[in-house]
Amino acid sequence: MTIGTQMQQAIAGMQSASATMKTFSLETDNKQAKSDFTQIGEQLDSALDMLKGRQKYIQKQEPQYK
């Protein structure tokens, strides 16, 4: 498995986790849980942005990983 494939899998996993946290936030009536799930979703989105940036860097440096 190439670095590009591994990175894409990591990104897909992070996107899934973020979406799950946002869904949990919408589905709960507990204010603390809603806040926690929202915060976790935002943190995952931030990490996702970093991974996407890293993926672009890898693709520029190593075109065979596309």
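Residues are numbered from 1 along each chain as its sequence is written. Because the model is predicted, local features need pLDDT of at least 70 and side-chain atom pairs count only at pLDDT 80 or more, while totals for chains, interfaces and linings use all residues; side-chain values use heavy atoms, with hydrogens and water left out.

Helix α1 covers residues 3–27 and helix α2 covers residues 31–61. Helices here are DSSP runs (H or I, at least four residues), numbered from the N terminus. The two pack at an angle of about 160°, and their axes lie 8 Å apart. Axes are lines fitted to C-alpha atoms over the stretch in contact, and angles run from 0 to 180 degrees between N-to-C directions. α1 and α2 are therefore roughly antiparallel to each other, a term for angles over 145 degrees. The crossing of α1 past α2 is left-handed, meaning that the near helix is turned anticlockwise from the far one by less than a right angle. Sorted by class, the contact of α1 with α2 has 16 nonpolar, seven polar and five charged residues. In this sorting Ala, Val, Leu, Ile, Met, Phe, Trp, Tyr, Cys and Pro are nonpolar, Asp, Glu, Lys and Arg are charged, and the others, Gly among them, are polar.

The largest nonpolar core has seven residues: Met7, Ile11, Met14, Met21, Leu44, Leu48 and Ile58. Such a core is a set of buried Ala, Val, Leu, Ile, Met, Phe, Trp, Tyr and Cys residues joined through side-chain atoms within 4.5 Å. Each of α1 and α2 supplies at least two residues of this core, and α1 gives the most, with four residues. Methionine 21 is in contact (heavy atoms within 4.5 Å) with Phe37, Ile40, Gly41 and Leu44, leaving aside neighbours within four places in sequence.

Serine 18 is found in helix α1 and counts as buried at 2% relative accessibility, where buried means under 20% relative accessible area (1.4 Å probe, protein chains only). Not counting residues up to four places away in sequence, serine 18 touches Gly41, Leu44 and Asp45. Its C-alpha atom is separated by 18 Å from that of glutamine 55, 37 residues apart along the chain.

Notes. Angles under 35 degrees count as roughly parallel, over 145 as roughly antiparallel, 65 to 115 as roughly perpendicular and the rest as oblique. Buried means under 20% relative accessible area, exposed over 50%, partly exposed in between (1.4 Å probe, protein chains only).
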